[in-house]
Amino acid sequence: MARLVKAAEQLTDTQPDFLPQTHRIAAIAADHKASDIRAYDLRGLTLIADSFVICSTSSAPQLRA
């Protein structure tokens, strides 16, 4: 199972290098009025990605944005 990425203020001094990009993607989704935004830490589970951001929308135009 993937681990939920914690907020930056809850992390220790050694911050993973993918975390700023993950927070940026989540912020962009929030700017486009996405809801239920979740970021998962996939390190050690797959070679394709370090994190995965998933969110919900309430309309088709939001989905296209």
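How many nonpolar, polar and charged residues does the lining of the largest pocket have? The legends below start with that pocket and refer to a predicted model.

**Figure 1. Lining of the largest pocket in the predicted model.** The largest pocket has a volume of about 150 Å³. Its lining is made up of Ile25, Ile28, Ala29, His32, Ala34, Cys55, Ser56, Thr57, Gln62, Leu63 and Ala65. Two or more of these residues come from each of helix 1 (19–31), strand 3 (51–56) and helix 2 (60–64). Helix 1 supplies the largest share of the lining, three residues. Sorted by class, the lining of the largest pocket has seven nonpolar residues, four polar residues and no charged residues.

**Figure 2. Helix 1 and its buried side.** Helix 1 has 13 residues. From the first C-alpha to the last, helix 1 reaches 18 Å, close to the 18 Å expected at 1.5 Å a residue. Leu19, Thr22, Ala26 and Ala29 are the buried residues of helix 1. These four lie on the same side of helix 1 because they cover an arc of only 85 degrees around the axis. In an α-helix there are 3.6 residues a turn, so residues three or four places apart point the same way. The buried residues of helix 1 pack against strand 2 (35–41) and strand 3. Arg24 and Asp31, on the other side of helix 1, are exposed.

**Figure 3. His23 in helix 1 and its separation from Val53.** His23 is a residue of helix 1. Its relative accessible area is 34%, which means that His23 is partly exposed. Between the C-alpha atoms of His23 and Val53 the distance in space is 9.2 Å. In sequence, His23 and Val53 are 30 residues apart.

Figure 4. Is Gln62 buried or exposed? Its relative accessibility is 19%, and the cut-off for buried is under 20%, so Gln62 counts as buried. Gln62 and His32 are 30 residues apart in sequence, while their C-alpha atoms are 6.8 Å apart in space.

**Figure 5. Lys33 in the loop that follows helix 1.** Lys33 sits in the loop between helix 1 and strand 2, and helix 1 is followed by this residue. With a relative accessible area of 62%, Lys33 is exposed.

**Figure 6. Asp36 in strand 2.** Asp36 has its place in strand 2, one of the strands against which the buried residues of helix 1 pack. Phi of Asp36 is positive, near 50 degrees, in a residue other than glycine. Asp36 has a relative accessibility of 47% and therefore counts as partly exposed.

Conventions. Residues numbered from 1 in each chain as written. Predicted model: local features only at pLDDT ≥ 70, side-chain atom pairs only at ≥ 80, totals over all residues. Heavy atoms only, no water. 1 Å grid on protein atoms, 1.4 Å probe; cavity = no way out; pocket = protein on both sides within 12 Å on 5 of 7 lines; lining within 4 Å. Points joined across faces, edges and corners; volume = space filled by probe spheres on them. Nonpolar A, V, L, I, M, F, W, Y, C, P; charged D, E, K, R; others polar. Expected span 1.5 Å × (residues − 1). Buried < 20%, exposed > 50% of the residue type's maximum accessible area, 1.4 Å probe, protein only. Arc of directions from axis to C-beta. Contact = heavy atoms within 4.5 Å.
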